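Thanks for coming. I have one structure to show today, so let me put it on the screen.

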Amino acid sequence: MKKILYLFSFVALFSCSSENEEDKHNDEPNGQLSYQVDIAPIIQSNCMVCHNAQAASGGLVIDGETSMVAMAQSGLLEEVLLLPPNNPRKMPPGFNLSSADLNRLLAWIVQVNE
Ligand code: HEC
């Protein structure tokens with residue numbers, strides 16, 4: 001019985017990783033970005049100063065993964081990240097994300113829309 005369980009989890013693991021074989025330019029071993037590990041720190045450093053419950057710039061409070069997923073699935077997140085720097089709706093305003101952070105966010109947007 002134990003052996004069968006081991007075999008089953010191996011097959012499950014294997015089929016998961018082969019689904020994501022196309023390289024999305026991230027360094028997670030299974031090709032999937034984790035919100036908590038990969039995305040939350042970027043949002044914390046670049047967005048939360050304005051989008052916390054007190055500041056709520058533009059009326060927007062980012063309160064974690066659920067609100068980020070909603071923004072990513074509506075297309076709004078990608079839109080504001082990719083606006084030209086002179087557009088006041090471009091996020092973050094006044095400074096740019098590093099290209100590594102921007103690419104990681106864009107890869108995560110693709111992932112949550114799959
Ligand atoms: C310096 C403060 C500041 C930072 C930092 C900031 N924002 Fe904003 N954000 C604003 C303001 C102000 C608005 C309202 C802009 C407008 O509507 O003209 C806004 C609006 C938005 C909107 C709604 C846009 C719309 O037009 O509906 C989104 C989504 C957003 N921000 C996401 C982010 C994300 C993601 C980050 C981090 C990458 C970020 N913001 C960082 C100030 C900020």
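I will go from the overall fold to one helix, then to the core, one leucine and the ligand.

A caution before the details: this is a predicted model. The protein chain has six helices and zero strands, so, read along the sequence, the pattern is α-α-α-α-α-α. Of the 114 residues in the protein chain, buried ones make up 10%. Now take the contacts with a separation of 6 or more: 52% of them join residues 24 or more positions apart.

Next, helix 6, residues 99-112. With 14 residues at 1.5 Å a residue, helix 6 should span 20 Å, and its end C-alpha atoms are 20 Å apart, which agrees.

Which residues of helix 6 are buried? They are Arg104, Leu105, Trp108 and Ile109. These four cover an arc of only 140° around the axis, which puts them on the same side of helix 6. The general rule here is that an α-helix has 3.6 residues a turn, so residues three or four places apart point the same way. On the other side of helix 6, Ser99 and Ala100 are exposed.

What do the buried residues of helix 6 pack against? Their partners are helix 2 (35-46), helix 4 (65-74) and helix 5 (76-82).

The largest nonpolar core has eight residues, namely Leu33, Ile39, Met68, Ala72, Leu77, Leu105, Trp108 and Ile109. Helix 4 and helix 6 are the elements that give two or more residues to this core. The most comes from helix 6, with three residues.

Leaving out residues up to four places away in sequence, leucine 81 touches Met91, Leu102 and Leu105. Proline 93 is twelve residues from leucine 81 in sequence, and the two are 9.5 Å apart in space, C-alpha to C-alpha.

Last, the ligand. There are 18 residues around the ligand, and those that come nearest are Cys47, Cys50, Ser57, Gly58 and Met91. By type, the shell divides into twelve nonpolar residues, five polar and one charged. Helix 3 (48-51) and helix 5 each supply at least two residues of that shell.

That is the end of the tour.

Technical notes:
Residues numbered from 1 in each chain as written. Predicted model: local features only at pLDDT ≥ 70, side-chain atom pairs only at ≥ 80, totals over all residues. Expected span 1.5 Å × (residues − 1). Buried ≥ 20, exposed ≤ 12 C-beta atoms within 10 Å, placed from the backbone. Arc of directions from axis to C-beta. Contact = placed C-beta atoms within 7 Å. Near = placed C-beta within 6 Å. Nonpolar A, V, L, I, M, F, W, Y, C, P; charged D, E, K, R; others polar. Core = buried A, V, L, I, M, F, W, Y, C linked by C-beta atoms within 7 Å.
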